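Hello,

Here is the structure I promised to pass on. Please have a look at it first; my notes follow below.

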Amino acid sequence: MISFVHMRAQFFQSNSRFMLIKIIKEDFLRKKCITLVLFIFIWISALLIAIGSNMIVELSHSLSDLLAQSRIPHFIQMHSGKMNQTDIELWASSHPLVQSEQTVEMINIDGSNVYLGENHTAEINSVMDIDFVKQNHSMDYLLNLENQIIEVSRGEIAVPIFYMQSEKMKIGDRVRISNRIFEMDFTVVNFVRDAVMNPSIVHSKRFVVNEDDFDMLKKNIGEVEYLIEFQLTDLSKLSEFRNSYQSSKLPKMGPAIDCHLFKMINALTDGLIAAVIVFVGFLFNIVATLCIKFTVLASIEEDYREIGVMKAIGIQQKDIKRIYLSKYVVLAGFASAVGYLISLFLNQLFTANMMLYLGVAPKSILQYSGPIAAVALMFLVVIVSCMQVLRKFDNITALEALRVGTLGDGVAEKKYFSLHKSKFLNVNIFLGLRDLFRRFKMFRLLFLVFLVCSLVIIVPVNFINTIKSPGFIHYMGIGRSDIRIDLRQTENMIERFNDMITYIQNDIDVDLFLPLVASQFKVINSQGVQENINIETGDFTVFPLEYLQGAAPRQDNEIALSFLNSEELNKGIGDPLQLVIDGNKRNMVVTGIYQDVTQGGRTAKARLPIHHETALWYVVSLDVKPYVNIKKKIDEYAKVFYPARVTDLEGYLLQTLGNTIEQLSFFTIIGILIAISVIILMTFLFLKLLIVKDCSQIAIMKSIGVSLNAIRLQYITSALLVLNIGIALGTIVSKTIGQGMVSAFFSFMGASRIHFVIDPVQSYFIFPMTLMVIVTITSFLSVASINKSYIAHMIQE
Amino acid sequence: MKNILEVKALSRIYGGSKKNQYNVLKNVNLQIEKGEFVSVMGPSGSGKSTLLYNISGVDRMTAGSVIFNGQELSTLSEKELSKLRLHKMGFIFQNFYLLKNICIFDNIVLSAYFGDNANRQEINDRAMELMKKTDIVELANHNITQASGGQLQRVGICRALINDPDIIFGDEPTGALNSKSANEIMEILADINRRGTTILLVTHDIKVASKTERVLFMLDGNIVAEQQLGKYVKANNDIQAREKRLSGWLMKMGF
């Protein structure tokens, strides 16, 4: 104590920067563990914020660059079936909003005829539509990994990046197209960065071939589909253009998409990850700030008498504050700088996926200044919080500090449970519990950390369980069935569909089946304009959906809308809706609203007569009898109904969401590790500070014969109880607010009410038990320094 | 009479490197018999409190031997020392050192509840009895901030006695009290001693030391002299004579 005051007094006498450095160094060495833990918190916070902000800046730049380089169309109308290019060109040339138009031909070849790389099995049962195209000439350029326009010669092919990842393809690999009558081989010379169809959640992928090869394919194999693409003179009038196209007589047998959707889909996965990283970094910052506040308070507590002495000998308050602040400025500044510097090496790891799919944009000043500004802001938040706590100096008078010698717990003298009135509880457990309730304001920090970390673990884990569960099918506008058969637009569509129905009807292994046909109709929207709507027709009571509101359509004038459709058409249950079928208006009533993240979230279901002329796809869902092996049945149907796509529902989910699940799982594991690390660090720091604070009380207990283990048990009890309250509340909050936040996010994609699927063993046993073991061990280690508290030392001091 | 405490060549050195070492206790030898009432006096820095904490196991000696009730303290582990302090020793401190987060009654019974076969009702009854004897029953549910210095020291005495220890160690037990309270505390301690409990006090107050039966004088880390005063009996009305005798002896010591 004497040396502390002496040094500080010397500092002010000499006003030496050297003395300040010496004081700071001495403080850091005196409390190595606490300093280290604070450093780690601030460093991780800076690291994550730098990485996250870098990702956001890179994402924005790379995406803009990709869209610019590829000259992304503003509006694309997909079409399968006959079309007249002249009509399109005439319409476009006379339309004031059209700057340029392009019609892209795509040859859709069934996966069963495509062999990729060393794979000796075809892409059977893949959910991806495999399309072959030539390079475009005026917009929608297909780029290579250097963001240059791809050129291929005869016999060469450029493969989508998706397959480079999923099939581990490399330059020089072979791609073979083969059915019973036609065969064609290609050599991979490049990989395609496709601004329109990049992400894995887009179920079409474009392979680039030479013009001559394209003509060969067109003549011999596959079905032609079209992308009718436009660039506009005024992007702000996109929705006006969309309505204009929808009202025209131009081909529109397929969905229409625009550049806003491309941006969103391309940014989705990496954007989500960047947002999560920044959020976690922000949480770390909050924790670091709270820890520093607590540490500063503990320091003031420890140095209370010395502060009084300094004031008594005439040292000004602002100068005393400066000493304490300097320490945290140095600590926070150094930790932030280290965090930022390390992020420069780790950035690539986090932007690897983004760089692959979107490319590397030319560097700009924002890419350097953005993360620096974010880290600097974080640093300022820490320092400002520190300064707020140091206002406590204002309340310290020299006389009080010298007489009382302690800041006090700030706990009002309430009556808490008395030890002597407790009949059954072990003394140490009782004292631990009592201390927790008595000083809950102090334990609040630890509670908050446990609560937040529980959320960081529980919400993603529950979300992944939900996506992996078979029930997720309900968010895709599909009822649960054992097998699903998808029939795409091909020759003799209707006969094949009818044959399929007959076969299934006569199959004794089949318990239930439901044929569905999705066709395009016209609906009159809220502005009175006709627009396209995809409606699935069938009996929706067979494999029922869960509806957000209402129920399945049962009558032929009833219709159920997807959530996004109901929002856009501004229709609720019981509202009338007008369809236009073959030029005739048909009045419908909305009976149900369901969730659907497929097809852009815009679908509908009704019991209309099948409309083959505008049919987009055919589906048969079926359940087999209990004794039937589903896998064998799938194989049978795949052979019999070739080239239809036959999957079980789990397989369908996996193919659609597999990549997303994999990425989410990876980042969930990272999140869990981070949360556990935070819990360990925080428990360690908090208990260490608490022991410093309680040093005199611990010394008294030891002197009267209370053993070390007994004292340790008291602290461990407090920590475990706080943890359990944190976990319990975290579980409740994740089920309510957490679930709500996930639902809010997914409402933009068509699923507005996600219910978490919870694994009870995982959530209510494994996770809490694991955390309890971790906290117990950490508490035990952090209270080891109780050894040093002795009355004898207190007297000496 | 049998010795409860035997100290041989006790040394205590503080500081790490030879350059910074500070030898507080230098080869101290001491015997205390069962039932004795002993005080230790000496100037500041003579090592009185250090002696107290080293012979009670609160602090670890550097060299020497301390045998308490036949047990050599230097061979005991931390756990064993705790147990010894819990069951066989009682402590009274100048600044009371009561736990501020529990009430006065809980402060008294706390160490007893840690006993191996603690019967809480019996302990509570004993605590109540002690509080009656020391006239602080009304403070049972009060916090320590709601009692005077003299009352708190009585609480300290009750705490020290709750496990019926073989010896009580007091470090300036009246140091923070006014003369009236100090007197009352000493009467209580004298009474406890009369009932058979050995007491060892550290003090620099002649009035306190004159109520003990043997006074040890410490100087520069060693016991240099001792004075026998005989058992103090209030009824003898000889306190002034004892104080005078002690005072004269201390002046000869240069204190």
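**What I found**

A:Met769 is partly exposed, because its relative accessibility is 38%, between the 20% and 50% cut-offs. A:Met769 also belongs to a nonpolar surface patch of about 380 Å².

Now confidence. This is a predicted model. Mean pLDDT for chain A is 83, with 90% of residues at 70 or more. Strand β15 (residues 558–562) has the highest confidence in the chain, at 95. Helix α1 (residues 2–14) has the lowest, with a mean of 52.

Next, the overall build. Chain A has 797 residues, and 57% of them count as buried. Its secondary structure consists of 22 helices and 20 strands. The C-alpha trace spans about 100 × 60 × 55 Å along its principal axes. Take the contacts between residues at least 6 apart in sequence: 80% of these join residues at least 24 apart. The accessible surface is about 34500 Å². Carbon and sulfur atoms account for 60% of that surface.

Last, cysteines. How many disulfides does the structure hold? Zero, over all chains. A:Cys386 counts as buried because its relative accessibility is 0%. A:Cys695 is partly exposed, at 27%.

Best wishes

Technical notes:
Residues numbered from 1 in each chain as written. Chains lettered and ligands numbered in written order. Predicted model: local features only at pLDDT ≥ 70, side-chain atom pairs only at ≥ 80, totals over all residues. Heavy atoms only, no water. Patch = residues over 30% accessible without salt bridge, like charges linked within 9 Å, V, L, I, M, F, W, Y side chains within 5 Å. Areas by Shrake-Rupley, 256 points an atom, 1.4 Å probe, with all protein chains shown as cover. Salt bridge = Lys/Arg side-chain N within 4 Å of Asp/Glu carboxyl O. Buried < 20%, exposed > 50% of the residue type's maximum accessible area, 1.4 Å probe, protein only. pLDDT = per-residue confidence, 0-100. Helix = DSSP H or I, 4+ residues; strand = E, 2+ residues; numbered from the N terminus. Disulfide = S-S within 2.5 Å. Contact = heavy atoms within 4.5 Å.
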